[in-house]
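Open the model in your viewer and keep the selection panel at hand. The tour below goes from stop to stop, saying what to select and what is found there.

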Amino acid sequence: MTTLRNLPSVEQILQTETAAHLIARFGRPLTLDAIRFVLDDTRARFKSGLITALPLIDMLLAQAESQLTAWTKPTLLPVINASGVILHTNLGRAPLSDGTIRAMDIVSRGYSTLEYDIELGQRGSRLIHAESLLQKLTGAEAAVVVNNNASAVLLVLSALANRKRVVISRSQLVEIGGGFRVPDVMKQSGARLVEVGTTNKVHISDYEEALIESTGLVMRAHRSNFKLIGFTEEPELKEIAETAHGFGVPVVDDLGSGALYDTAKYGLAHEPTVQESLQAGADIVCFSGDKLLGGPQAGIIVGKLGQIAKIRKHPLARAVRADKACLAGLSATLLHYLKDEAEREVPIVKMMSLTLKQVKGRAEAWAVELGHGKVVEGESTVGGGSLPGESMPTFLLSLEVKSVERFLRGLRKNHPPIIARTENDKILLDPRTVLPEQEGALLVGLKNLLKNS
Ligand SMILES: *Cc1c(COP(=O)(O)O)cnc(C)c1O
């Protein structure tokens with residue numbers, strides 16, 4: 001009769017050659033864990049009658065190996081983005097330039113001047129990195145970089161408006177996504193929200209009335225992810241800034257995306273630039289590093305020296321500080337703009353600047369290579385809380401497949417996973433967002449799936 005006594009011991013299993021291989025691949029402690037796990041599991045299943053025969057040692061090792069593979073499998077994997085959404089927040093927003101990756105790599109491998117002043121040979125500040133680049137690019141007096149734009153907004157409000165009134169148009173009390181709501185962030189910062197105007201109409205007199213009472217800040221938040229159309233009116237930032245300054249109150253502009261270039265150049269609507277906000281009189285402007293800038297995740301705060309100094313000194317600045325890889329990468333991305341090479345070097349700017357002919361050429365080459373599919377006209381979008389409702393014409397590879405759902409699942413199971421769109425029972429793939437170096441892997445994946453569908 002089979003009893004649990006017949007089950008091999010941990011020691012017996014460890015003496016096999018396969019176990020030695022597993023130890024070489026996964027390390028001894030984890031391999032031991034996996035073997036014990038499999039043995040415990042086998043005992044439990046045997047006792048409860050789920051199995052009546054005991055597995056052989058090879059079977060136990062195979063189970064241990066799949067356990068080890070599952071435990072060590074990364075959850076954060078690269079994917080091929082064929083969706084045509086350039087800044088896909090769920091897919092990690094902006095892919096980085098070679099120069100940016102090199103800079104992050106170099107600074108991560110060793111020690112750095114993160115908080116060390118080489119001139120003086122003493123402690124320096126991490127809050128100065130990227131500052132001179134940002135000054136040159138935007139014309140701001142000072143700059144500070146934090147972890148992301150959500151923390152930038154929280155920090156700015158906490159440092160400049162704690163327990164003070166913050167005047168904001170009702171039309172700008174927005175939710176950015178991922179639960180980031182302007183009114184909630186204000187509450188968190190200790191600022192007192194004062195809404196002016198109505199959802200669709202705000203007049204400068206609304207601001208004037210609110211500013212009669214002592215106020216800490218006037219804030220403008222960019223409506224990054226929706227459009228307000230129809231019977232609407234809102235004063236220009238310039239007018240808001242002049243009015244606020246008349247009352248001695250500074251203005252903060254949360255731009256969200258914060259492009260440094262004119263998106264109209266690529267046939268899109270004009271997204272307000274950082275330079276324009278500062279020129280219009282904003283004292284502080286904050287924006288993301290990984291939206292239209294196309295750099296690593298960061299929150300960038302630029303503006304007047306006095307206010308930036310207060311922001312730097314606030315305890316939250318320490319809590320939301322950027323790490324060295326971010327600061328190195330952001331500096332490298334900013335340098336592309338300073339050297340006027342963004343269209344060549346920054347992947348998302350490159351994607352936006354692709355001509356229709358180039359996109360069509362790639363889609364056609366895919367169709368030829370696959371011997372399958374049709375090239376059709378379509379739209380790419382910017383996404384990532386930038387340019388809501390805006391799209392740019394593109395060409396797509398349209399694939400007819402038996403089951404769209406099954407094909408999409410197959411695409412997601414590919415190594416690396418392929419993210420596509422569907423419309424009218426067709427699979428649509430947009431070459432605009434597929435990095436050139438991923439094209440080979442994309443076509444191999446598609447060929448395999450088409451063969452089996
Ligand atoms: C995207 C966005 C944020 C948040 O920026 P993250 O970089 O995602 O933290 C804040 N405000 C506005 C207006 C935005 O568009």
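A polar contact is a pair of N or O atoms within 3.5 Å; inside the protein, one of them must be able to donate a hydrogen and the other to accept it. The model on screen is a predicted one.

**Stop 1: a contact inside a helix**

Select Asp 105 and Arg 109. Their side chains are joined by a polar contact of 2.5 Å. Asp 105 belongs to helix H5, which covers residues 98-109. Is Asp 105 buried, exposed or partly exposed? Its relative accessible area is 34%. Asp 105 and Val 166 are 61 residues apart in sequence, and their C-alpha atoms are 41 Å apart in space.

**Stop 2: the whole chain**

Zoom out until the whole protein is in view. The C-alpha trace of the protein chain spans about 95 × 55 × 50 Å along its principal axes. The chain contains 19 helices and 15 strands. Of its 453 residues, 50% are buried.

For a distance across the model, select Gly 27 and Gly 230. These two are 203 residues apart along the chain, and 64 Å separates their C-alpha atoms. Gly 27 sits in the loop between helix H2 (17-26) and helix H3 (28-47). With a relative accessibility of 26%, Gly 27 counts as partly exposed.

**Stop 3: the ligand**

Select the ligand and the residues around it. Which residues surround the ligand? Among them are Arg 93, Asn 148, Asn 149, Ala 150, Ile 176, Phe 180 and His 222. The shell also includes Ser 224, Asp 254, Gly 256, Ser 288 and Lys 291. By type, the shell divides into three nonpolar, six polar and three charged residues.

- Asp 254: a polar side-chain atom lies 2.6 Å from a nitrogen atom of the ligand.
- Ser 288: an N or O atom of the side chain is 2.6 Å from an oxygen atom of the ligand.
- Lys 291: an N or O atom of the side chain is 2.8 Å from an oxygen atom of the ligand.

The ligand taken alone exposes 380 Å², and the protein buries 93% of that area. Colour helix H7 (149-161) and strand S8 (251-256): these are the elements that give two or more residues to the shell.

**Stop 4: helix H4**

Select residues 57-72, which form helix H4. H4 has 16 residues and reaches 22 Å from its first C-alpha to its last, close to the 22 Å expected at 1.5 Å a residue. Which residues of H4 are buried? They are Leu 60, Leu 61, Ala 64 and Leu 68. Because these residues cover an arc of only 95 degrees around the axis, they lie on the same side of H4.

**Stop 5**

Helix H18 covers residues 404-413. Select Val 404, Phe 407, Leu 408, Gly 410 and Leu 411, which are buried in H18. They cover an arc of only 155 degrees around the axis, so they are on the same side of H18. The face turned away from this buried side carries the exposed residues Glu 405 and Lys 413.

Move on to the loop between H18 and strand S13 (418-419), where Pro 416 is found. A cis peptide bond joins His 415 and Pro 416, with omega about -5 degrees.

**Stop 6: two aspartates in loops**

Select Asp 340, in the loop between helix H14 (324-338) and helix H15 (342-345). Although Asp 340 is not a glycine, its phi is positive, at about 55 degrees. How exposed is Asp 340, and what is its relative accessible area? The value is 71%. Exposed means over 50%, so Asp 340 is exposed.

Last, select Asp 425, which is found in the loop between strand S14 (421-423) and strand S15 (426-429). Asp 425 is not a glycine either, and has a positive phi of about 65 degrees. Its relative accessibility is 61%, so Asp 425 counts as exposed.

Terms used: Residues numbered from 1 in each chain as written. Predicted model: local features only at pLDDT ≥ 70, side-chain atom pairs only at ≥ 80, totals over all residues. Heavy atoms only, no water. Near = heavy atom within 4 Å. Areas by Shrake-Rupley, 256 points an atom, 1.4 Å probe, with all protein chains shown as cover. Helix = DSSP H or I, 4+ residues; strand = E, 2+ residues; numbered from the N terminus. Nonpolar A, V, L, I, M, F, W, Y, C, P; charged D, E, K, R; others polar. Expected span 1.5 Å × (residues − 1). Buried < 20%, exposed > 50% of the residue type's maximum accessible area, 1.4 Å probe, protein only. Arc of directions from axis to C-beta.
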